[in-house]
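Hi everyone, thanks for making time. Let me put the structure up, and then I'll walk you through a few spots.

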Amino acid sequence: FGFTCFVGGLDHDTSEDDLKKIFSKFGNVNNSQETGSSRGFGFVTFKDEKSLEGAILFKNGDEIDGSQINVEESCTRCVIVRSFTVKVARPRRLSRSDEFVQEFVRMIQEKEKKQMAGLI
């Protein structure tokens, strides 16, 4: 478990080792993953939240290998409710996200009841 950021806009020459070296300046990097040259994005996982926040603050909009990158907190969990996909969990917001999903399901069920009763 860690705190993961999404790194977009990577040059096709940027490697996983490059990501780890660049982002380790902000803290202990548990894992870095460059997803391939054709996609141009990767993920960096930190041991603590403070490191993640520093990386986002200081590297978002910066350049790596001549390409401007965007760095943001990665969504680590999605929940599918009926035909909806709901992004719910960033590590520090997990309990609040679970409450949101429960409320979302309740709203869908309420709407379905109204539709069945002919009220909508």
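Which side chain meets Lys59 in a salt bridge? The partner is Asp62, with an N to O distance of 2.6 Å. Do keep in mind that this is a predicted model. The count of salt bridges here comes to one, so let's look at its two ends with the 20% and 50% cut-offs in hand. Lys59 has a relative accessible area of 12%, and because that is under 20%, Lys59 is classed as buried. Asp62 comes out at 28%, which lies between the cut-offs, so Asp62 is partly exposed.

For another lysine, please turn to helix H1, residues 16-23, where you'll find Lys21. Buried or exposed, this one? Lys21 is exposed: its relative accessible area is 63%, and the cut-off for that class is over 50%. If you like distances, the C-alpha atoms of Lys21 and Ser32 are 9.5 Å apart, while along the chain the two are separated by 11 residues.

Now over to the strands, starting with S1, residues 3-8. Which strands does S1 pair with? One is S3, residues 41-46, joined to S1 in the antiparallel sense over six bridges. In that pairing, Thr4 stands opposite Thr45. Another is S6, residues 70-73, also antiparallel to S1, over four bridges. There, Val7 has Val71 as its bridge partner.

That's my tour, friends. Over to you for questions!

Technical notes
Residues numbered from 1 in each chain as written. Predicted model: local features only at pLDDT ≥ 70, side-chain atom pairs only at ≥ 80, totals over all residues. Heavy atoms only, no water. Helix = DSSP H or I, 4+ residues; strand = E, 2+ residues; numbered from the N terminus. Buried < 20%, exposed > 50% of the residue type's maximum accessible area, 1.4 Å probe, protein only. Pairing = 2+ DSSP bridges. Salt bridge = Lys/Arg side-chain N within 4 Å of Asp/Glu carboxyl O.
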